[in-house]
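Thanks, everyone. I have one model to walk through today. Please have the sequence and the structure in view.

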Amino acid sequence: MAVVCVVDGSIALAAQWTSVIQYIPPLMTQLAQQAVTLALGNPPPKNVNEALAQFQIAVVTYGSADTRPNPIIRKQYFTN
């Protein structure tokens, strides 16, 4: 399972980030549980760590469309 979190890098969101961040841990917990559930298929993993090793996350932050040279501020991939 792979998940990409796309995050607006604007000042308006930065002002609200403390309100938004509270939703991230429960979301990641649900995604990890889903990754384990999916991995329990064929063949079943030997342990949960093996199942979670197949779980990949990427985070992409972006700015306004007129940001130069590119509106993509940063791309970070988390893999094995």
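**Confidence first**

Helix H3, residues 48-52, has the lowest confidence in the protein, at a mean of 63, while S2 has the highest, at 83. That score is pLDDT, the predictor's confidence in each residue, from 0 to 100. Helices here are DSSP runs of H or I with at least four residues, strands are runs of E with at least two, and both are numbered from the N terminus. Across the protein, the mean pLDDT is 76, and 76% of residues reach 70 or more.

Ground rules. This is a predicted model, so local features need pLDDT of at least 70 and side-chain atom pairs count only at pLDDT 80 or more, whereas totals for chains, interfaces and linings use all residues. Residues are numbered from 1 along each chain as its sequence is written, and side-chain values use heavy atoms, with hydrogens and water left out.

**Overall layout**

The protein has three helices and three strands. Along the sequence they run β-α-α-α-β-β. Of the 80 residues, 18% are buried. Buried means under 20% relative accessible area, exposed means over 50%, and partly exposed is in between, with a 1.4 Å probe and protein chains only. Now contacts, meaning heavy atoms within 4.5 Å. Take those with a separation of 6 or more: 44% of them join residues 24 or more positions apart.

**The core**

Which residues make up the largest nonpolar core? There are six: Val3, Cys5, Leu31, Ala35, Phe55 and Ile57. By nonpolar core I mean buried Ala, Val, Leu, Ile, Met, Phe, Trp, Tyr and Cys residues joined through side-chain atoms within 4.5 Å.

Stay with Cys5. Beyond its neighbours within four places in sequence, Cys5 contacts Met28, Ala58, Val59 and Val60.

Val60 lies in strand S2, residues 56-62. Buried or exposed? Val60 counts as buried because its relative accessible area is 14%. Outside four places in sequence, Val60 touches Val4, Cys5, Val6, Val7, Ile72, Arg74 and Lys75. Val60 and Cys5 are 55 residues apart along the chain, yet their C-alpha atoms are separated by 6.2 Å.

Next, Tyr77, in strand S3, residues 72-78. Tyr77 has 52% relative accessibility, so this residue counts as exposed. Setting aside neighbours within four places, Tyr77 contacts Ile57 and Ala58. Ile57 is one of the core residues. From Tyr77 to Val60, 17 residues along the chain, the C-alpha separation is 8.6 Å.

**The loop between S2 and S3**

Pro71 sits in this loop. Its relative accessible area is 28%, so Pro71 is partly exposed. Not counting residues up to four places away, Pro71 touches Thr61, Tyr62, Gly63, Ser64 and Ala65. The C-alpha atoms of Pro71 and Thr61 are separated by 8.7 Å, with the two residues 10 apart along the chain.

**The surface**

The accessible surface comes to about 6,100 Å², and 61% of that belongs to carbon and sulfur atoms. These areas come from the Shrake-Rupley method with a 1.4 Å probe; for residues, only the protein chains shown count as cover.

One last spot. Trp17 is in helix H1, residues 11-20. Trp17 counts as partly exposed because its relative accessibility is 33%.

That's the tour. Over to you.
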